[in-house]
Amino acid sequence: MTCLKNRFTELYLCSSALLIMGLFEIIWNHTKANTTDGLVSGVSILLVGVGLIAFAITSHVKYKANRKQMDREMSKEYDERDDIIDGKASLFTMRIIMLVTLLMMFLSNWLAIPTNTALFVIIVLCACTNFLAKKYYNHVL
């Protein structure tokens, strides 16, 4: 269950960052004459931060109340299941990366493909494929 503990830390850090960004936006943009754009954007960022910190606190309280029961239920079966899902998703992603690399090599004979563009396409395709493969295997298994 260290995954959930890290999630709460990330939620607290993200909400704190949004609160600080909203405050800075309000403080630095309140002196602009004839516009309220800075104030409105600062207040909206501040409200999102407040909502996120409220969500983080309630989730953390619920988790602490049900922690022992959740730990017992999820400890064994999900560890093995997550390893299987990660392995299958990684294998599928590697196959897609090899195919895309071969396709790029084939197309580069006739088209001038910049290196940055080719690498960006491979990285984006890898991220999307890995995400979709994990979702698929999570649903199937």
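1. Ser 15 sits in helix 1, which spans residues 2-29; helices here are DSSP runs of H or I with at least four residues, strands are runs of E with at least two, and both are numbered from the N terminus. This is a predicted model, in which local features need pLDDT of at least 70, side-chain atom pairs count only at pLDDT 80 or more, and totals for chains, interfaces and linings use all residues. Residues are numbered from 1 along each chain as its sequence is written, and side-chain values use heavy atoms, with hydrogens and water left out.

2. Ser 15 counts as buried because its relative accessibility is 0%. Buried means under 20% relative accessible area, exposed over 50%, and partly exposed in between (1.4 Å probe, protein chains only).

3. A polar atom of the Ser 15 side chain lies 3.0 Å from the backbone oxygen of Tyr 12. Leaving aside residues up to four places away in sequence, Ser 15 touches Gly 49, Leu 52 and Ile 53, where contact means heavy atoms within 4.5 Å.

4. Val 40 belongs to helix 2, residues 37-65. Val 40 counts as exposed because its relative accessibility is 52%. Its C-alpha is 9.3 Å from that of Glu 25, a residue 15 positions away in sequence.

5. The protein chain has four helices and zero strands, in the order α-α-α-α from the N terminus. Of its contacts with a separation of 6 or more, 73% join residues 24 or more positions apart.

6. Of the 141 residues in the protein chain, 18% are buried. The accessible surface of the chain is about 10700 Å², with 68% belonging to carbon and sulfur atoms; areas come from the Shrake-Rupley method with a 1.4 Å probe, and for residues only the protein chains shown count as cover.

How values were computed. A polar contact is a pair of N or O atoms within 3.5 Å; within protein, one must be able to donate a hydrogen and the other to accept it, and residues adjacent in sequence count only if both atoms are side-chain atoms.
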